[in-house]
Amino acid sequence: MEMGTVPNVLRLELNNENLTFTRLENLRETIERAQSNRSHRVLVLDLNLVRVDPDTLGPIPADHEHRSVLGSHGPGPIVEQQLIKALRNFLKPSIALIGPSLFDFGIDIASACDVRIARGDSVISDTRVSTGRTAASGIAYLLPRLVGLSQAMRISFLGEPLSAAEALRINFLHQVIEQESFEAQAEEFVSRVSKMPTRAWEVHKMQVLPQLDQDFETAMVHSLGIRQTHVIKDRLEGIRAWRERRDPEFKGE
């Protein structure tokens with residue numbers, strides 16, 4: 001669905017009321033389709049998740065049932081990993097809007113997005129390790145790259161609640177907006193991103209993510225290859241607008 005009056009924005013919601021394995025699988029499929037849908041230039045995820053009882057998530061989707069190892073520790077996070085992979089592979093702008101609570105797997109989802117914006121009263125906490133569980137759906141890879149090893153271990157191991165202000169201080173969040181103006185300011189931000197040359201965003205993202213695991217020389221070759229094989233049509237509009245001293249009208253192409 002579109003975000004308010006902002007066109008070209010796909011907005012999806014995930015909270016404890018609709019959190020099931022089936023819902024996670026549907027989100028993955030929707031995100032994968034949105035990558036090739038030209039009418040969707042920005043993905044927005046509304047996240048409000050507290051600690052989840054695994055027994056309330058319902059049955060594992062049939063496509064993944066054969067990969068779920070049985071035992072006292074429960075099924076592996078196959079469905080969760082697939083959703084994180086879909087977000088990681090989504091090259092258009094992805095924005096996580098964080099509600100009052102962001103716990104456990106919700107942190108993984110937000111970490112896989114490009115931008116994270118929270119309400120001023122948001123509380124963020126990863127209770128998995130501190131309660132004897134394991135966090136195996138991507139956070140061990142993603143979080144140290146966002147906030148550094150020390151802060152990542154603090155968040156994952158101790159399970160201490162973080163205020164929005166503290167999450168902003170350690171660079172997990174990009175912005176904190178007070179509750180009374182959250183929706184309006186978040187929509188304004190999303191609108192601004194949706195008008196950007198989002199194809200250029202995609203091409204740059206193609207460089208940034210793989211190069212996290214490359215040496216410098218390999219990264220230079222990789223960047224050149226991406227630049228030479230991916231056309232950004234909006235580049236011409238950017239040049240014309242600059243010459244004509246007007247605001248550009250990008251199409252995301």
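This is a predicted model: local features need pLDDT of at least 70, side-chain atom pairs count only at pLDDT 80 or more; totals for chains, interfaces and linings use all residues.
A residue counts as buried when its relative accessible area is under 20%. D108 has a relative accessibility of 0%, so D108 is buried.

D108 belongs to helix α4 (residues 105–111), while R128 lies in the loop between β5 (123–125) and α5, so the pair ties together parts that are 20 residues apart in sequence. R128, at 5% relative accessibility, is buried as well.

The count of salt bridges comes to 18. Another of them joins D46 to R11, with the closest N and O atoms 2.3 Å apart. Here two strands are involved: D46 lies in β2 (residues 42–49) and R11 in β1 (residues 9–15), so the bridge ties together parts 35 residues apart in sequence. D46 has a relative accessible area of 16%, and is therefore buried. R11 is at 12% and also counts as buried.

Now turn to helix α1 (residues 21–35). E25 and R28 both lie in this helix, three residues apart, about one turn. Their side chains form a salt bridge, at 2.6 Å from N to O. E25 is buried at 6% relative accessible area. R28 is buried too, at 12%. R128 and D108, by contrast, pair a loop residue with a residue of helix α4. Salt bridges that share partners join E25, R28, E29 and E32 into one network.

Next, the helix packing. The axes of helix α5 (residues 139–147) and α6 come within 7 Å and cross at roughly 130 degrees. That angle makes α5 oblique to α6. The crossing is right-handed. Helix α9 (residues 198–211) packs against helix α10 (residues 216–229) at an angle of about 160 degrees, with the axes 10 Å apart. An angle over 145 degrees counts as roughly antiparallel, and α9 and α10 are therefore roughly antiparallel to each other. They too cross in a right-handed sense.

Helix α6 (residues 149–158) also holds F157. F157 is partly exposed, with a relative accessible area of 46%. Together with V129, L149, M153 and L158, F157 makes a nonpolar surface patch of about 470 Å².

I177 has a relative accessible area of 2%, so I177 is buried. Its C-alpha atom is 22 Å from that of N16, which is 161 residues away along the chain.

Technical notes:
Residues are numbered from 1 along each chain as its sequence is written. Side-chain values use heavy atoms; hydrogens and water are left out. Patches are made of residues with over 30% relative accessible area and no salt bridge: like charges are joined within 9 Å, nonpolar side chains (Val, Leu, Ile, Met, Phe, Trp, Tyr) within 5 Å. Accessible areas come from the Shrake-Rupley method with a 1.4 Å probe; for residues, only the protein chains shown count as cover. A salt bridge is a side-chain nitrogen of Lys or Arg within 4 Å of a carboxyl oxygen of Asp or Glu. Helices (H or I, at least four residues) and strands (E, at least two) are DSSP runs, numbered from the N terminus. Buried means under 20% relative accessible area, exposed over 50%, partly exposed in between (1.4 Å probe, protein chains only). Axes are lines fitted to C-alpha atoms, for helices over the stretch in contact, and angles run from 0 to 180 degrees between N-to-C directions. Angles under 35 degrees count as roughly parallel, over 145 as roughly antiparallel, 65 to 115 as roughly perpendicular and the rest as oblique. A crossing is left-handed if the near helix is turned anticlockwise from the far one by less than a right angle, and right-handed if clockwise.
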